[in-house]
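Subject: Structure handover

Hello,

Please find the structure below. My notes on it follow.

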Amino acid sequence: MLGCKLSWTIKRTRFAYCPFSEGPRCCIGQQLAMMEAKTILARLVQVFKFKLVKGQSQDVLEQTTLKPKGKCQVYIMQI
Ligand code: HEM
């Protein structure tokens, strides 16, 4: 049985987000991808300041992956 249950089949918990899948064929690059993502994110917040344009929703659209519901416009300024 999958360790990850889809959010539309059960009441969603904060552990339900599962982008690398689970089980014997799950992503073997998960640790590398997470390390890369954190490294890139850390560098971006060192160099840029992000500010959400007023009136933007912060709602999340749950599909295969998570993405913003509607537009997500931000100002990006170099620090
Ligand atoms: C954000 C980055 C990544 C995401 C979201 C992601 C997601 C996934 C998903 C959903 C699967 C399918 C698992 C399944 O069939 O149940 C998969 C498989 C796989 N991923 Fe990734 N992956 C990422 C990065 C990487 C990286 C960096 C590598 C290698 C360096 C990698 C190598 C693989 C391989 C080889 C498989 C096939 C595993 C198998 O079929 O046994 N992935 N990945």
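Start with serine 21, which is found in the segment before α1. Helices are DSSP runs of H or I with at least four residues, strands are runs of E with at least two, and both are numbered from the N terminus. Serine 21 has a positive phi of about 65 degrees, although it is not a glycine. Serine 21 is exposed because 12 other C-beta atoms lie within 10 Å. The cut-offs are these: buried means 20 or more other C-beta atoms within 10 Å of the residue's own, exposed means 12 or fewer, partly exposed is in between, and C-beta atoms are placed from the backbone.

Before you go further, note that this is a predicted model: local features need pLDDT of at least 70, side-chain atom pairs count only at pLDDT 80 or more, and totals for chains, interfaces and linings use all residues. Residues are numbered from 1 along each chain as its sequence is written.

Confidence
pLDDT is the predictor's confidence in each residue, from 0 to 100. The chain has a mean pLDDT of 83, and 80% of its residues reach 70 or more. Confidence is highest in α1, at 96, and lowest in strand β3 (residues 66–68), at a mean of 84.

Ligand shell
Which residues are around the ligand? They are Pro19, Phe20, Ser21, Arg25, Cys26, Cys27, Ile28, Gly29, Leu32 and Ala33. Near here means that the C-beta atom, placed from the backbone, lies within 6 Å of the molecule. The shell divides into 7 nonpolar, 2 polar and 1 charged.

Overall layout
The chain has 1 helix and 4 strands. From the N terminus on, the order is α-β-β-β-β. Of the 79 residues, 0% count as buried. Among contacts with a separation of 6 or more, 33% join residues 24 or more positions apart. A contact means C-beta atoms, placed from the backbone, within 7 Å.

The helix
Helix α1 covers residues 30–47. Its 18 residues should span 26 Å at 1.5 Å a residue, and the end C-alpha atoms are 26 Å apart, so the two agree. The expected span is 1.5 Å times one less than the number of residues. α1 is hardly covered, with a count of 0 buried residues. Glutamine 46 has its place in this helix. It counts as exposed because it has 8 C-beta neighbours inside 10 Å.

The strands
How do strand β1 (residues 48–52) and β4 pair, parallel or antiparallel? They pair in the antiparallel sense, over 5 bridges. Pairing requires at least two DSSP bridges between the strands. Phenylalanine 50 has isoleucine 76 as its bridge partner in β4. Lysine 51 has tyrosine 75 as its partner there. β1 is hardly covered, with 0 buried among its 5 residues. Strand β4 (residues 74–78) is hardly covered too, with 0 buried among its 5 residues.

Proline 68 lies in strand β3. It counts as partly exposed because it has 13 C-beta neighbours inside 10 Å. Leaving aside neighbours within four places in sequence, proline 68 is in contact with Val60 and Leu61. The C-alpha atoms of proline 68 and glutamine 58, 10 residues apart along the chain, are separated by 6.8 Å.

Best regards

Terms used:
Nonpolar A, V, L, I, M, F, W, Y, C, P; charged D, E, K, R; others polar. Contact = placed C-beta atoms within 7 Å.
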